[in-house]
Amino acid sequence: MKLGTDQLTVQYSGAVRPALHGVTLSIPAGGLTAVLGPNGSGKSTLLRALLGVIAPSAGTATVEERNVRAWDRRELARMVGVVPQSETIAFPITVREMVAMGRFPHLGPLRAEVGRDREAVDKALERCHIGDLRNRQMTTLSGGELQRVRIARALAQEPRALALDEPTASLDLRHEMSIMRLLRGWTDGGITVLLITHQLNLAARFADRIILLDRGRVATEGTPSEVFRREVMEHVYGWPVHVGQDPVTGSLRVVPLG
Ligand code: ADP
Ligand code: MG
């Protein structure tokens, strides 16, 4: 499903400058689009605006060419899954219960799970390698386990688009790679994935398109080879870098100098 913005400006109350400033973007259906940019460049704000949870000060965010603020929230929740940057687990629930929350927008009037819901939950647990943790309390999980549960919850939703805000931030190499491959697999299955990450080199390797944000504006967007140019990266990140081809993967990579 197609996501986009048109001259999107978001100004938080009390902030000196807008978090996003006249951003116009088109995120094509079915691919993996990575959103990169330094801390505070507006990545999470872009995601919140695309999900319709914050109101723009000007411009629009669209889902399937329609203003996201005009969508029925429940209808949107059936189609777009979200893994936010952080959340507090405030009450005692098990891993399975947490993942089953992803089914909520699909449940019928009695709010009871049916076979199809149970299957989706089981599949999500298995695909995120957390089947063994299903009866564990959420509060007892490690950071990496918690992330995988949160991703499984979004997967159980069987969404057409999935937005993830730094989902691999606390994961070790193996779990990070398995998540990246999972995301890639979903896009091959037709799901639109929007991934916010600080992992430049994984983005260059796995993403179809990259959006590079800089202080609330789009510095550049395009394929990894269009975005990964030395002058652009040095300007946006404010640090000298070398951009070259990784001899093993063949993807572009950014190496910070100094
Ligand atoms: P990123 O995710 O790229 O680190 P954010 O979108 O979280 O950036 O933030 C962009 C800018 O907006 C930052 O300057 C941040 O301090 C500010 N900001 C984010 N959330 C809020 C908020 N709720 N209220 C005020 N300012 C905010
Ligand atoms: Mg953020």
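**Reading helix α5 and a magnesium site**

Tutor: The buried residues of α5 are covered by elements that include β6 (80-83), α3 (95-100), α4 (115-127), β7 (161-165) and α6; helices (H or I, at least four residues) and strands (E, at least two) are DSSP runs, numbered from the N terminus. This is a predicted model, in which local features need pLDDT of at least 70 and side-chain atom pairs count only at pLDDT 80 or more, while totals for chains, interfaces and linings use all residues. Residues are numbered from 1 along each chain as its sequence is written, chains are lettered from A and ligands numbered from 1 in the order in which they are written, and side-chain values use heavy atoms, with hydrogens and water left out.

Student: How many residues of α5 are buried?

Tutor: Buried means under 20% relative accessible area, exposed means over 50%, and partly exposed lies in between (1.4 Å probe, protein chains only). In α5, twelve of the 14 residues are buried, among them Gly144, Arg148, Ile151 and Leu155.

Student: At what angle do the axes of α5 and α6 cross?

Tutor: Axes are lines fitted to C-alpha atoms, for helices over the stretch in contact, and angles run from 0 to 180 degrees between N-to-C directions. Here the axes of α5 (residues 143-156) and α6 (residues 173-188) come within 12 Å and cross at roughly 10 degrees. That makes α5 roughly parallel to α6, since angles under 35 degrees count as roughly parallel, over 145 as roughly antiparallel, 65 to 115 as roughly perpendicular and the rest as oblique.

Student: Which residues of α5 and α6 meet?

Tutor: Contact means heavy atoms within 4.5 Å, and by that rule Arg148, Ile151 and Leu155 in α5 meet His175, Ile179 and Trp186 in α6.

Student: Which residues coordinate the magnesium ion?

Tutor: Donors are N, O and S atoms within 2.8 Å of the metal (3.2 Å for Na, K and Ca), and water is not among the atoms, so sites may look incomplete. The magnesium ion (ligand 2) is coordinated by Ser44, through OG, and Gln85, through OE1, at 2.1 to 2.6 Å. This pair links distant parts of the chain, with Ser44 in helix α1 (residues 43-50) and Gln85 in the loop between β6 and α3, 41 residues apart.

Student: Is Ser44 buried or exposed?

Tutor: Ser44 is buried, at a relative accessible area of 15%, whereas Gln85, at 39% relative accessibility, counts as partly exposed.
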